[in-house]
Amino acid sequence: MLAAWMAWADLPFRQHRYETLRALPADSNAILMVGNSITDMFAWHEAFDHLPQPYHVCNRGVSGALSDEVLENIDWMVAGHPYKLLLMIGTNDLGSGIAPQTVAANVDSTLQRIHRLSPRTQVILHSILPSTVGTRTLDAERETNRLLAQVAEHNGATYIDLFDEMMPITSDTAYSIDGLHLTARAYSIWCRRIAPLLHPDCRCAMQPTSPADHRLWGSASMRIGYYGAIPTTPNDILIVGGEMAKCGEWNELTSNPRMLNRGGGWGAMSDEQENATIEATLEYIAAHKPEYKAIYVLTQRREAPADNGRIHYLPLRALLDEDCFDGPYLNSRGYLQVAQLIMEREGDKVTHIQEPTTTTCAHTVFATTGRPFAQRIKAADNIAVKHLPQGLTWNARHSRIEGTVGKTGEYTYYIVSEHSTDTIRLTVRDQLPQATPFMGLLTWNIFEDEISDQRVRTLANAIVDLGLDKAGYRYLCLDDRWAIYDRSTDGHLRYDTAKFPLGMKALADYIHDHGLRFGIYSDGGTRTCSGQQPGSLGHEATDAQDFADWGFDLLKYDYCYAPDPSTDTALQIYTNMAQALKKHTSADFIYYMCEWGERKPWLWGAEAGATCWRATADTRDCWENPTYKGGVLDNIRVFNNIWPYTGINRYSDADMLMCGLHGSGKSSNAGTDGKGMSQEEYRTQMILWCMWSSPLTLCFDITNLYDGHSRCGTKVYNPYYQEDLALITNHELIALDQDPWGLAAEPIVMDDQWLVLQKPLAGGDVAVSVTNLSDRAADCALNLRDITELDETNTYQATHLISGRTTPGLRPAHDQFWFKLPAHGTAVWRFEMETSHTH
Ligand code: GLA
């Protein structure tokens, strides 16, 4: 039985294991345990005490691995520049008739590669352990170890030899289940001997324990034997099952060290084998009564028993989509989904905040399959980019990753500088909620408490009549004051029936019938910012369900009355709502965070599950607002520093556009003289918002834009209506905002007088804006040489996007633009390449 079972650690299995491990980022504090089944089968991250923070041990063992496979895979393993790497490999080579010299040569090449790719990584090379199973002989093993010792010395690696000490493996069932694989007793010897090599303070945490369970197959029997040897706590979540449980590095997938792997298997399993493993594991747990919070039993069967106390069954084939599996295995997407499922059920957060390093970039990025993708990296040092998925390349000149990914999936790549490694997770989907920033209208500044069904319908009609929907403004969003003060006795938010007598669903239908999408507002604290309606804190599931049932397509989630101001709490609160929304809404639902940029949401908003976040205070209808911030200049100061974080499906929002208000808004007048801004200033705002790829949201009564033909009356309220309408529907400006790369413009000049921004666009065009920040009109000379995004080997045609005037034949290395700009005015061009030279 054993031999047949072991044969399953075959090539497809190994490929699957390499693939899924490859998707797990390991950073510069990781200690990687690399090897074959002897390494793979152990619970490394639980096995040690006193390993100082932030070091952590990661299992990178692959059952059945050969030394040449380790060499083939070492590049991605060390891409994160791990702190240490322990390698024990060779016994399978000997078992397959491969000579000791070949093993040593492969290990030698592996060590050389590690040194070249990650010189900081300290390598511990381990002797192979004794075994006489199959064609293995003690003589060949001794010879291999003699050569490995030389390889270690030659490469400056630490060498550890436990061959003689582990000799009982070959004959004593207390040490080995099969003459090759270890029992708890042997693991505890190994664990004790290598602990101080990992770190001087590190100790083995294993306790003496019961022997292996010989009723079971291979891995399952030995693993069950040592479960009792590793102490658990009342916070621990045990993941039980066969191969699908065993091959998940659950603690890494969830960033939660209390997720403990209790699966067994080393290859594809039949249902019977999986069942037997599960039963024996649960029996063992029942008999030994370890402490734990919950047990999750993963099974490949479609049906599973109902929950039994703290034991929960997850029938994976029924719960997950087909694209989560790779034949008999879970793929990396599947592992992530299961991890998220468990964490959701545990009400725990699934992500942690990656601390900023000397490199400035987003850590969670998105792309649509087959569509252009780009990520800007701002780095002080020289950097290298490792393990880009197929289709992406590193453009060193423009410090940008760019290209197209053809296959959906979760990818990991690394930005490596001299002092740090940044791990980037890229999610590629056929569709994303915000492939480009959303555009629409928010009701707050128009109505506040005077919101009503009738008024919202009038806005919907106006959006369509004015063609704003065709220009892109498709989201009509209810803001604060749509609900009444208290929840119902059964805990639901209640829309104000005086304001919405026909009900929310009827209004949603009306909006949808007009080809528009409908947004709602709530708050992550106990009350919304007006104080007049309840917040969603603690009611996330109910509210998300209601928002979905009513037909909403977007949630703006504010942050007044939150329990405390910390980032950790905010991350938790926003993650909770994201998870609730995910359960109840469709994949294109937009989750819009609004904590006003106070906790740097560009560092963690995407990780919390949002696709855009307010980066600034509430915008006000003025140039600068010393009291409340939110003037155009206040926003410029924020966006000058956060531009590298913006990208597809992760937008920093500069808040509502003030264009069209002319002092007529509600809260937008706070801290202003009430007169609104000049047309130049409104234009500057629209241009900058587009340069930053901010969501574009209007907040003025657009029914005022009618030119005497309004269904609301014959009055022309707004003398600037034509100009305002032309500005907010300027197709060329909107195209900058909606560029498929979704990048935010980079400031190349910012002083008291001038702000010059450049924005690379998908396809090679470049947008350039120049803003006169001073209070007087001024002459400007723009040297094209300063626009580093332009390629000096090409000539360009520049189109002025307000006047439409074009200037052909521009040479970046030589030419200059001269122009005059009024106070607070902005000029913006789109540079298109005229020629392209091959080099
Ligand atoms: C906060 C938000 C605003 C608006 C109000 C509603 O101030 O930032 O955009 O939603 O709350 O009360």
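Me: By class, which residues make up the shell around the ligand?

Reply: This is a predicted model, to begin with. The shell around the ligand has six nonpolar, one polar and six charged residues.

Me: How many residues surround the ligand, and which are the closest?

Reply: The ligand is surrounded by 13 residues. D479, D480, K556, D558 and D618 are the closest.

Me: How far is the side chain of D480 from an oxygen atom of the ligand?

Reply: An N or O atom in the D480 side chain sits 2.7 Å from a ligand oxygen.

Me: And D618, what's the distance there?

Reply: For D618, a polar side-chain atom is 2.6 Å from an oxygen atom of the ligand. R614 also has a polar side-chain atom by a ligand oxygen, at 3.2 Å.

Me: How much of the ligand does the protein bury?

Reply: The protein buries 93% of the 310 Å² that the ligand exposes when taken alone.

Me: Which of them gives the most?

Reply: Strand 21, with five residues in the lining of the second largest pocket.

Me: What's the class make-up of that pocket lining?

Reply: The lining of the second largest pocket has seven nonpolar, nine polar and seven charged residues.

Me: Switching to cavities. How many are there of 30 Å³ or more?

Reply: The count comes to six cavities of 30 Å³ or more. The largest cavity has a volume of about 140 Å³.

Me: What lines the largest cavity?

Reply: 19 residues line the largest cavity. Nearest its centre are A43, H45, E249, N251 and N261. The elements that give two or more residues to this lining are strand 3 (56–61), helix 11 (250–254) and strand 9 (259–263).

Me: And by class, what does the lining of the largest cavity have?

Reply: Eight nonpolar, five polar and six charged residues line the largest cavity.

Me: How does one see where empty space is left?

Reply: A probe the size of a water molecule is rolled over the atoms, and that shows where empty space is left.

Definitions and conventions:
Residues are numbered from 1 along each chain as its sequence is written. This is a predicted model: local features need pLDDT of at least 70, side-chain atom pairs count only at pLDDT 80 or more; totals for chains, interfaces and linings use all residues. Side-chain values use heavy atoms; hydrogens and water are left out. A residue is near a molecule or strand if one of its heavy atoms lies within 4 Å of it. A polar contact is a pair of N or O atoms within 3.5 Å; within protein, one must be able to donate a hydrogen and the other to accept it, and residues adjacent in sequence count only if both atoms are side-chain atoms. Accessible areas come from the Shrake-Rupley method with a 1.4 Å probe; for residues, only the protein chains shown count as cover. Ala, Val, Leu, Ile, Met, Phe, Trp, Tyr, Cys and Pro count as nonpolar, Asp, Glu, Lys and Arg as charged, and the others, Gly among them, as polar. Helices (H or I, at least four residues) and strands (E, at least two) are DSSP runs, numbered from the N terminus. On a 1 Å grid over the protein atoms alone, a cavity is a set of points where a 1.4 Å probe fits but cannot get out, and a pocket is an open set with protein on both sides within 12 Å along at least five of seven lines; lining residues have an atom within 4 Å of a point. Grid points are joined across faces, edges and corners, and a volume is the space filled by probe spheres set on the points.
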